[in-house]
Amino acid sequence: MSATVLLAAENESRLDAATRRFCLRVARAALRSLYDELSLYPKPGLVSLVDNGSHADMDAGTFMKSLFSLRHYFARITAAGHAGGGFDELKRLGAQAEARMLAATGGVNTHRGAIFCLGLLCAAAGDCRRRGIAIDAWTLRAALTMRWGADLAAHARAPGASHGQRMAALHAAGGAREEGALGLPSVFGLAFPALRRTLAAGRGWRQARIDGLFALMAGVADTNVYYRGGAAGAALVRGLAQRFVARGGTARPEWLREAIRCHRLLSRRRLSPGGAADLLAAACLVQRLCEAEGEA
Ligand SMILES: CC(C)(COP(=O)(O)OP(=O)(O)OC[C@H]1O[C@@H](n2cnc3c(N)ncnc32)[C@H](O[C@H]2O[C@H](COP(=O)(O)OP(=O)(O)OP(=O)(O)O)[C@@H](O)[C@H]2O)[C@@H]1O)[C@@H](O)C(=O)NCCC(=O)NCCS
Ligand SMILES: Nc1ncnc2[nH]cnc12
């Protein structure tokens, strides 16, 4: 990826070479994080490189097309955060990215939640960089809430009839909008700590992502699950994940067998925790940004 190609449409003339390299580094970390999520198996009901889980209209190829279509977006939204861009600017870039994703996938929504959550994290990284602040989980969250928190709260209250908004009204499930308004609590408070704990215990990146995903499924109001399975489906997903976590997650030798059993059960019921998948990718991005800062 060349910097000129990635950032051609916006900001290019205003960015110095070091900032441009920074935006590209963040964009690469975002794409790798989406791949971290896609390539993980088993993921209950979700698409992976192994199978399509609960989905008839998408497979790993659809996700790869979607991922590729987002490569310019993550660099641009990082640059927008760096330039002190307001919420309307971030929303505009996100809406463009959604349109590209839908064009690339033939109209299938693969990454709407990820465009939102990872986009906000990229913008927050840009904001930290502009202010000369080291990037870590705390500074990213602070940048997000201080810079765009009020607009995100208003965005969460806006009326509308998306799947997410209908589920929020029916089941009091917050979904992506509430996540954004509260500064991505499921990323910073559930998934990222789970990733860190498993890595600190020496169990490796695959197990870390599995523990991160189950922590999210146990704790998140995923509007995608409500949309497909109603309150009973959401309770089933939460209950399975809570049991997996309570038994020690991947610390137990039987974890893989149990995770595959959950995957088969949710796939049979056509339940898909797509919001949790997007939030897992966001937590992977926080981890990757923290690692990159450590190496810088
Ligand atoms: C804020 C927006 C993301 C809109 O959110 P809203 O809730 O109003 O709208 P939805 O159109 O329903 O999309 C929300 C997507 O967010 C994911 N999600 C769900 N719960 C959570 C959660 N707790 N936290 C984070 N993310 C969550 C979820 O994405 C996954 O589901 C996809 C499939 O969804 P869907 O098409 O509904 O499902 P199917 O079952 O396949 O439906 P059928 O095919 O059967 O019809 C899956 O691939 C995941 O991606 C929801 O889809 C946002 O749109 C917005 O306002 N954006 C502004 C632009 C922007 O992003 N700007 C950048 C930063 S400001
Ligand atoms: N791997 C996946 N399968 C289904 N929906 C998703 N949304 C985001 N990632 C997903």
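**Helix packing and ligand contacts in a predicted model**

Helix α3 passes helix α5 in a right-handed crossing.

On the α3 side, the contact is made by Thr62, Lys65, Ser66 and Ser69. On the α5 side, Arg100, Met101, Ala104 and Thr105 take part. Sorted by class, that contact has two nonpolar, four polar and two charged residues.

Next, α2 and α6. Helix α2 runs over residues 17-38 and helix α6 over residues 112-130. They pack at about 150°, with axes 11 Å apart. The angle therefore makes α2 roughly antiparallel to α6. This crossing, of α2 past α6, is right-handed. From α2, the residues are Ala18, Thr19, Phe22, Arg25, Val26, Ala30, Ser33 and Leu34. They meet Ala114, Leu118, Cys122, Ala125, Gly126 and Arg129 of α6. By class, we have nine nonpolar, three polar and two charged residues in this contact.

Which hand does the crossing of α7 and α10 have? The crossing of α7 and α10 is left-handed. Ala137, Leu140 and Arg141 contribute from α7, and Pro185, Phe188 and Phe192 from α10. The class count for α7 with α10 is five nonpolar, no polar and one charged.

Now the ligands. Ligand 1 has 37 residues around it, and those that come nearest are His155, Ser162, His163, Arg177 and Asp278. For Arg177, a polar side-chain atom lies 2.7 Å from an oxygen atom of ligand 1. Gly164 uses its backbone: an N or O atom there is 2.7 Å from an oxygen atom of the ligand. Thr223 also places a backbone N or O atom by ligand 1, 3.2 Å from a nitrogen atom.

Around ligand 2 we find Glu37, Lys43, Leu46, Val47, His55, Met58, Phe63, Thr110, Gly274, Ala277 and Asp278. Which side chain has an N or O atom 2.8 Å from a nitrogen atom of ligand 2? That side chain belongs to Glu37. The one from Val47 is 2.9 Å from a nitrogen atom of ligand 2, and the one from Thr110 is 3.4 Å from a nitrogen atom of ligand 2.

Last, two points of backbone geometry. Most residues other than glycine have a negative phi, and most peptide bonds are trans. Where do we find a cis peptide bond? A cis bond joins Tyr41 and Pro42, with omega about 0°. Pro42 sits in the loop between α2 and α3. The other point is Ala172, with a positive phi near 55° in a residue other than glycine. Ala172 belongs to the loop between α8, residues 163-171, and α9, residues 175-181.

Conventions:
Residues numbered from 1 in each chain as written. Chains lettered and ligands numbered in written order. Predicted model: local features only at pLDDT ≥ 70, side-chain atom pairs only at ≥ 80, totals over all residues. Heavy atoms only, no water. Left-handed = near helix turned anticlockwise from the far one by under 90°. Helix = DSSP H or I, 4+ residues; strand = E, 2+ residues; numbered from the N terminus. Contact = heavy atoms within 4.5 Å. Nonpolar A, V, L, I, M, F, W, Y, C, P; charged D, E, K, R; others polar. Near = heavy atom within 4 Å. Polar contact = N/O pair within 3.5 Å; in protein donor to acceptor, adjacent residues only side chain to side chain. Axes fitted to C-alpha atoms, helices over the stretch in contact; angles between N-to-C directions. Parallel < 35°, antiparallel > 145°, perpendicular 65-115°, else oblique.
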